[in-house]
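Dear colleague,

Please find below the structure that I would like to hand over to you. A summary of the findings follows it.

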Amino acid sequence: MKVKVLLFAALRELAGESTLELELDDGATLADAVTELASRHAALKDHRFATALNQRYSPTSAPLADGDEVALIPPVSGG
Amino acid sequence: MIEIVDHPIDVNALVRCDDAGAAGGLVLFLGTVRNKTRGKDVAKLEYEAYGDMALHELRKIVEEGLRRFEITSIDVVHRVGTLAMGEVAVAIAVRAPHRGASFDACRYVIDTLKETVPIWKKEFFEDGAVWVGDRP
């Protein structure tokens with residue numbers, strides 16, 4: 001399956017890209033997407049972030065489907 | 001009104017829109033760009049948002065605010081992009097028949113926004129820049 005990953009703020013700068021596409025096995029979860037990302041950008045492992053699936057906060061146990069949008073949400077600082 | 005904009009916030013428009021004139025009071029909160037953080041001079045700020053999700057989270061906060069407090073309406077506008085000292089980053093307007101509930105609701109909205117909405121602020125100093133809250 002193919003999922004789109006969005007990176008923001010410090011994570012975006014660290015990775016040097018704001019949008020990636022990942023190819024994952026069927027049955028993959030958000031955790032698998034994070035693992036794949038960390039293998040491409042090791043520095044991500046040193047940062048805290050929440051995870052979102054299709055624009056909703058989701059735990060890393062959430063299963064993924066083809067076409068899903070995943071986002072890594074570093075500590076927010078709006079307002 | 002719940003919006004994320006990339007231009008200066010029209011605070012007058014926010015204060016003006018009350019169709020029925022039913023609310024007797026309006027509490028307006030403006031989050032503005034401070035000139036110092038922990039004693040260091042701030043040159044400018046940049047705000048970035050995960051737009052669609054931020055709007056969803058803002059709507060959730062507004063819905064919850066309307067449910068929890070005896071108020072008439074909540075409007076929220078957050079600005080993204082580059083902001084200079086003194087500029088308004090976020091505006092929240094709460095209307096209610098009675099002021100107590102509007103102060104409480106306004107506090108609830110800004111407090112919750114700062115915890116949950118996917119918007120990020122980068123502070124620029126003379127010697128570099130840092131995303132607020134970014135600590136490994």
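**Findings: chain B overall, then a sheet region of chain A**

Of the 136 residues in chain B, 46% count as buried. Please keep in mind throughout that the model is predicted.

The secondary structure of chain B consists of three helices and ten strands. In sequence order, these elements of chain B give the pattern β-α-β-β-β-β-α-β-β-β-α-β-β.

As to overall dimensions, the C-alpha trace of chain B spans about 50 × 30 × 25 Å along its principal axes. The radius of gyration of chain B is 16 Å, which agrees with a compact globule, because a globule of 136 residues would have a value near 14 Å.

The contacts of chain B reach across the sequence: of those between residues at least 6 apart, 74% join residues at least 24 apart. Chain B has an accessible surface of about 7,300 Å², and carbon and sulfur atoms account for 48% of this surface.

In chain A, which strands pair with strand 1 of chain A? One is strand 2 (residues 19-23) of chain A, which pairs with strand 1 (residues 2-7) of chain A in the antiparallel sense over five bridges. Within this pairing, A:Val3 has A:Leu22 as its bridge partner. Another is strand 5 (residues 69-73) of chain A, which runs parallel to strand 1 of chain A and is joined to it by four bridges. Here, A:Lys4 has A:Glu69 of strand 5 as its bridge partner.

Yours sincerely

Notes:
Residues are numbered from 1 along each chain as its sequence is written. Chains are lettered from A and ligands numbered from 1 in the order in which they are written. This is a predicted model: local features need pLDDT of at least 70, side-chain atom pairs count only at pLDDT 80 or more; totals for chains, interfaces and linings use all residues. Side-chain values use heavy atoms; hydrogens and water are left out. Helices (H or I, at least four residues) and strands (E, at least two) are DSSP runs, numbered from the N terminus. The radius of gyration is taken over C-alpha atoms; the globule rule is 2.2 Å times the number of residues to the power 0.38. Buried means under 20% relative accessible area, exposed over 50%, partly exposed in between (1.4 Å probe, protein chains only). Contact means heavy atoms within 4.5 Å. Accessible areas come from the Shrake-Rupley method with a 1.4 Å probe; for residues, only the protein chains shown count as cover. Two strands pair if DSSP finds at least two bridges between them.
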